[in-house]
Amino acid sequence: MSLFAQLTAYLQFYFGATTKYRIHSPFVVDFVENIFEDKRQYYAFEQLELLRQSLLANKQQIEVTDFGAGSRTGQGAQRSIQQIARTALSPRFSSTLLFRLINHYQPQTMLEMGTSLGLTTLYQQAAARRANFITLEGCPQIAQVAQNQFRAQDANNIQSIVGEFSETLPSALKQLKRLDYAFIDGNHRLAPTLDYFEQCLTYTHEESIIVLDDIYWSREMQEAWIRIKQHPKVTLSIDLYRIGIVLFRKAHSEPQHLKLVKWWMKPWIMGFLK
């Protein structure tokens, strides 16, 4: 998308968003207090941010195989780890939010689609070191870089599977048997994203959580997000602009679709103005 389209999308999100002062659902209040606006600094954050800096400084060249929507930078197939890190690594606030989400709900079976260099994978793994965690990556050389990081961090419960998602996702889901948590961050096209979601949906249950990254990355991703949150099985969606979260809890008899920003981004919305 053009810069103007991105700005327009963000402004539409912002003006449609609310804060914790307009929320009534106990589940969402708990989410805001213990995950979204939690300021605690956990043991893993400092170590993983050092890894981020290491990746951002790594000039090693690798061959990139891209099965998805590609990079906006126009970089060729031969790229340095440094170049990949600059465009592909999730920012700290997204990575730490995923950590807090997993740390709070403690899923036992976890799936990630789009390992990239493995930093976000390690953030998720650090919050649930005993979970059965499968991560999928299309590019063999990028996957190898990530696997090196996993070994260095003693992240022994991560199983890395390399190949096109169309081939690796079905077998990964069968291996997990039950999906407590999924993070979909790959391809970034409409049809494949919807297909990944539908495949994951077959293995979900009432307490499952599915997170989608880059939901405003392109018009196709925006359309995918709209369709996913309107799925009949989705009872709650939380739009944080960078990521979208969908849940399937039957306690929400009427579907809720929320856009959330932190309270200080709209300080005039206070409890007495409800």
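**Entry 1. Charges over rings.** I began with Lys266, whose charged end sits over the ring of Tyr14 at 4.9 Å from the ring centre. I note here that the model is a predicted one. I then looked up a second case and found Lys262 over the face of Phe36, 5.7 Å from the centre of that ring.

**Entry 2. Aromatic pairs.** I searched for aromatic pairs and recorded 15 in the structure. I examined Phe13 and Tyr216, whose ring centres are 6.1 Å apart with planes at 65 degrees; the pair is therefore edge-to-face. I placed Phe13 in helix α1 and Tyr216 in the loop between β7 (209-213) and α10 (219-229), so this pair ties together parts 203 residues apart in sequence. I found both Phe13 and Tyr216 to be buried. I next took Phe31 and Phe36, which form a stacked pair with 6.4 Å from centre to centre and 15 degrees between the planes. Phe31 and Phe36 are likewise both buried. I also traced a cluster in which ring pairs link Tyr10, Phe13, Tyr14, Phe15, Tyr216 and Tyr241.

**Entry 3. The second largest pocket.** I looked up the volume of the second largest pocket and noted about 480 Å³. Its lining comprises 22 residues, of which Phe36, Phe93, Leu97, Lys262 and Met265 are the closest to the pocket centre. I listed the elements that give two or more residues to this lining: α1 (3-16), α2 (26-36) and α5 (92-105). Which element gives the most to the lining of this pocket? I found that α5 does, with five residues. By class, I recorded 14 nonpolar, two polar and six charged residues in the lining.

**Entry 4. Cavities.** I searched the whole structure for cavities of 30 Å³ or more and found two. Among the residues that line the largest cavity I noted Glu112, Leu117, Thr120 and Asp185. I divided the lining of the largest cavity into four nonpolar, six polar and two charged residues. For the second largest cavity I recorded a volume of about 30 Å³. Asp185 is listed in this lining as well, together with residues including Ile184, His188, Leu212 and Met221. The lining of the second largest cavity divides into three nonpolar, three polar and two charged residues.

**Entry 5. Cysteines.** I searched the whole structure for disulfides and found zero. I then checked accessibility: Cys139 counts as buried because its relative accessibility is 1%, and Cys200 counts as buried at 0%.

How values were computed:
Residues are numbered from 1 along each chain as its sequence is written. This is a predicted model: local features need pLDDT of at least 70, side-chain atom pairs count only at pLDDT 80 or more; totals for chains, interfaces and linings use all residues. Side-chain values use heavy atoms; hydrogens and water are left out. On a 1 Å grid over the protein atoms alone, a cavity is a set of points where a 1.4 Å probe fits but cannot get out, and a pocket is an open set with protein on both sides within 12 Å along at least five of seven lines; lining residues have an atom within 4 Å of a point. Grid points are joined across faces, edges and corners, and a volume is the space filled by probe spheres set on the points. Ala, Val, Leu, Ile, Met, Phe, Trp, Tyr, Cys and Pro count as nonpolar, Asp, Glu, Lys and Arg as charged, and the others, Gly among them, as polar. A disulfide is a pair of cysteine sulfur atoms within 2.5 Å. Buried means under 20% relative accessible area, exposed over 50%, partly exposed in between (1.4 Å probe, protein chains only). Helices (H or I, at least four residues) and strands (E, at least two) are DSSP runs, numbered from the N terminus. Rings of Phe, Tyr and Trp (its six-membered ring) pair if their centres lie within 6.5 Å; planes under 30 degrees apart count as stacked, over 60 as edge-to-face and the rest as tilted. A charge sits over a ring if NZ of Lys or CZ of Arg is within 6 Å of the ring centre and within 35 degrees of the ring normal.
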